[in-house]
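Student: I have a structure open and would like to go through it with you. Could we take it one question at a time?

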Amino acid sequence: MRLLLSFIFLFPTLVFSQKGKIIVEFAEIWGTSVLASVLMVEENNSSIYIEIGNPTKQPSAEQIFSNNFNVNDIGYLILKKNDIFYHNGLMPPVKNVLTEDKAPKINWKILKETKEIMGYQCIKAECEFRGRKVFAFFSPEIPFSSGPWKYSGLPGLILEAWQEDEQYHYVTKKLILNSQLEIPNAITAFIDKLKENPISFKEYVQKENNFSRKLESMTRASLSANSYRATDFLRESDRELQFEWEKEPEKRGSGNVMSLEEMKKKVGLK
Amino acid sequence: MKYITLVCCLLTQLFSAQVTIKGLLQSHDGQPVARANVILMDKNNNIDSYTFSQSNGEFSLVTEHYGDFVLEINAMGFVSKKEKVSFIKKGITVDLKTIVLEKIRTEDIKEVVISRTNPIKIKKDTVEYKADKFTNGTEQNVEDLLKKLPGITVQKDGKIKVNNKEVERVMVEGDDLFEKGYQTLTQNMPTKPVETVQILKNYSKNKLLKNVEKSESVAINLTLKEKEKGKWFGNVILASTSYAEDMRQGKFNLMNFTKRKKVYLLYNANNLGLNEMDGVGYLINPDSNQAVENVGSDISTLSMLNLHRKNYSFGDNRTNFNNDQLASLSYIYNFKKDWKLKLVSIYNTTENRNYMDSYYQFDYDGTSFRNTESKTWKQNNKNIVGKIELTKDYKKSNLVFYSKFSSLNEDNDNHFIFNGVPNFQSGNNKLSATENRVVFTKKIDSSAAIVAVARYIHQNRPYEFFEKNNLAAIISGDNSAQLLHQKVDAGLDFGGAKFSWLKNYSENRNLQINAGLDFRKHRLQSDLSLLGNSGQAIYFDQSAFFNDLEFSKNTLFSQLDYKVKWKKNWNFSTTILNEYMWTELDSTKKYAFAFSPSFNLGYGTFSFGTIGINAGKRYTTTTVDNLYSGYIYQGERSFKNNLMGFSPIASYNGGINYNRGDGLTRVFNININYTKNEDYLSSQSIINPNYSFYQSILLKNNESWNANLELKRYLKPLKSRISLLGNFMKSNYQSSINNQPLFSTQFTNLKAGLEMKSGFLGKFNYEWGYTWTFNFVNSDNGKNKYTDQNGFANFYYNLSRTLKSELKYEYYKSGNSAQIATQFLDFKLNYQATQWKMVFFLAANNLLNTKEIRSYSITNVSESAYTQRLLPLHIVIGLNKNF
């Protein structure tokens, strides 16, 4: 109940002010596919980040922030307000929930390397974020402390970011300065719907992990006899591998290990 | 106490290396500026530190350096401001007081759109994984690492599949050392030097054909850590049973890779029943794929006779009485000037033994007899293979030349007891083969290329063997004849050239046109002689046992391949092959024209599933195996000859397949295929108690049906997958025995199976399956039916992260119910001693000590039963050490 109240209290303040927005359209390279994603940052550094879940759909920023946009195409939706993230999930059990993630402040290390992106001089920085090494190019000339996913906290907008293992790589395709685009009613209504199902971040992670476990079980069972697959970490293809409260990344098997006896009983063996 | 605090304070002041810079940001109208980026830049324009202003406009940042700096302030809606700051002392606070920022005039704020197309080259066909992210130190080799990557499975034989598609090659730093025999690499290379694993989809071996040919192939490339390049690494495997069983394995791999040079040395020896030739077998046989870079897709190693009978009833680990060793060296060198050299050489010796006791009863048309036999086969092989490949890359073309030499030497030493009388058979044959191929590829533009290939193959294989038995006396009618002496000499020369044009009109439309010419000449000589006890020649009429033939076949061909996709869901592909053949068999000339069209139409959506229909006509021809007319003794008391000349054989086939499901929780697969042959090869045979004669004949019209069904479902409560498997096969043919008119036989075979596999994430997993095969044999001569059954159950239990065990049980029951079932139980324990980079293993094979197979089979004219020896219970202890 307290959680619910805090949400009702918080969300009205997420409405954006009228002027000086910046919008970044990213191409998010994920394995061999490319996902469209868009970031809108307000003057007060509040932001909304939308990632389209289906690689065959590539709407532009203008299309996403229009009333013709189909909210069913939304994969992730991440709102940022006062350095706290509010978002839904991609997997079915967390698709229609809103969680409050007080992600730890990212401790960026600024590197010497520079690069020009879209006419802006950008500086390279690196950090550890939830078990992943992340690199970014940000531009101090664009004084928004924001970026794709939950990557933020640099003195300038992030125009390129990637995980060290290159599982995810965000590249800017389009930059709209002083944009007049507004969040359309469809997206506002979508957010309102998400607000109806608030869950704590730990619960959110747990739900995601449980679903991944189910998926892993199905994958293992679907293999032919005599072939098997072994994976260590449950969230190894996720952007967030390990959380603040965990000593090490969640393992595949450590969730609910049954004893041999239990297992035998379950499958009807003597 | 007070003093201590004071001293501490002073010390902090004195030794503090930090300088604090603070200030207050305001707009002209005195409003605080919040969330501004405040960046301290040193004189080289590098960021020293940064902070953000608070809601009251205050900021404070800390630096550990001193000197001249620039403080850059960027705030939304304000003009960027730079302030010079200098300080030479450490441990002070610089207060910049109030800094006023100038607002950007509202009329200056206009929407600006900056965009770029193609911001980054997306490697659409490459997925890359950092090896470190997937390794935890327990991986013994690259195979263990690959097993952990999403979508990758490794089969029992070491073949790798990516999303159910078999991987064609595994490369190191872009160079392919082992081609199709990549298990040698993946099962022996340690993971430590590996930096990334790249999965290459739609892979073209020839990089000029990338995006020109429609390739569905998958390849894997391993990139190495910079510091591991040029280092020697590898592994040693040593394993042994107890002194009594006297079985051992020793394996040594040594490799060194740099961008320019790759070296791989391997030595492997075992008499544990392990077949380690799998990884190199591909090198001996000539390439027979349909690839654009190949010509002569129907060429294989000459083989006229086989005196050895290997036991194929079960896997090698049960049946392979062996003593093998193998040494190989692979080397790749990339020259500076676009030249690449690749050398592969292999030397190996193998020994295989097989032991069988049998009982055979024949009953047809008044002839009735029974034979009891005991046979021991032993074969020793000595193979040498060498291959050199040179590649030269030009700007938009490349040239590949390779030359291969192989020498196989096979010795047979067999001992038979026929109805109580001991006999022996001893033989030898040698294959020497050379193959040369040159391929030229030229890329015309980004979507088109031409490929020209020429290939020459020469093979020669003489056979000679002696057999002591009563046949010599029966054939010659001379009781002093004791030995049969069969000589066969076979040779082949092949030369072919092909020219191809490839065009990729769009992602959905692809065309390939091939035209070429090939020539081949087969030579076959054989004669049988009979010898007396002291080696003297026995006279008999040899005319029926003699061959000396030359067969040449030349083909002019053109082929068109076209593939198209439309509306996302439809695809169509067609192949049209025209062949004009002119042949000569001992001065008899024959000409033939063959037109072979085929097509494939497919439709698929996620909700409907995918459906495919295919139909085609194709031609094969009789080969030299079907053309000799004198009898050649094949061993096993049988003689074979042929009663036909050169002839094209037409066959038609049609099929339909449908599959549906997500592949994970439910799968439904069905396919039905039908084949009709205008002509087919059959035999008429004369069967006697002591010997048989087989004559190949060409008959008209036979047909066969084949259908497969697979249903898979993931059961949530059991966390297991259950599968139902079905297979139906029906075929008919005619044959003749003992000069009787042709009679028809119809085989029907129905298989039903059940399989379950767990997907537990804990320490334990299981899988089991059971299959029934119902066989029906209907002939003019009578009816027969019998059922084969087999099952397996495997259990996996991880005692800890480094100690893993598996228990495997197999059950086989063949023939009718009076037969004895064969059962196997195996146990394996694997301990990974990470700190020593070592794996210790214990394998208890055949724990039930099943010593033989007992099998029973029935045909329309005979019944037979046999027992065949198996590798008995043995316990192997071994270690695998990486270095």
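Student: Is Ser779(B) buried or exposed?

Tutor: Happy to start there. This is a predicted model, in which local features need pLDDT of at least 70, side-chain atom pairs count only at pLDDT 80 or more, and totals for chains, interfaces and linings use all residues. Residues are numbered from 1 along each chain as its sequence is written, chains are lettered from A and ligands numbered from 1 in the order written, and side-chain values use heavy atoms, with hydrogens and water left out. Buried means under 20% relative accessible area, exposed over 50%, and partly exposed in between (1.4 Å probe, protein chains only); Ser779(B) has 13%, so the word for this residue is buried.

Student: Which residues does Ser779(B) touch?

Tutor: Ser779(B) sits in strand β39 (residues 764-779) of chain B, a strand being a DSSP run (E, at least two residues) numbered from the N terminus. Contact means heavy atoms within 4.5 Å. Not counting residues up to four places away in sequence, Ser779(B) touches Phe743(B), Ser744(B), Thr745(B) and Asn860(B).

Student: What is the area buried between chain B and chain A?

Tutor: The contact joins 70 residues of chain B and 72 residues of chain A. Buried area is the accessible area (1.4 Å probe) that two parts lose on being put together, summed over both. Carbon and sulfur atoms give 62% of it here, and the area is about 6,200 Å².

Student: How many salt bridges are there between chain B and chain A?

Tutor: A salt bridge needs a side-chain nitrogen of Lys or Arg within 4 Å of a carboxyl oxygen of Asp or Glu. Between chain B and chain A, the count is zero.

Student: Which strand gives the most to the side of chain B that touches chain A?

Tutor: The top contributor on that side gives five residues. The strand spans residues 782-798 of chain B, and its name is β40.

Student: How many salt bridges are there between domain 1 and domain 2 of chain A?

Tutor: Chain A is divided into domain 1 (2-196) and domain 2 (201-266), with bounds from an automatic or database domain assignment. The side chains of Glu51(A) and Arg239(A) meet in a salt bridge at 2.8 Å, N to O. Between the two domains, the count is five.

Student: Which three residues supply 33% of the area that domain 1 of chain A buries against domain 2?

Tutor: The area buried between these domains is about 1,800 Å². On the domain 1 side, one trio supplies more than any other three residues: Met91(A), Arg130(A) and Arg132(A).

Key: Helices (H or I, at least four residues) and strands (E, at least two) are DSSP runs, numbered from the N terminus.
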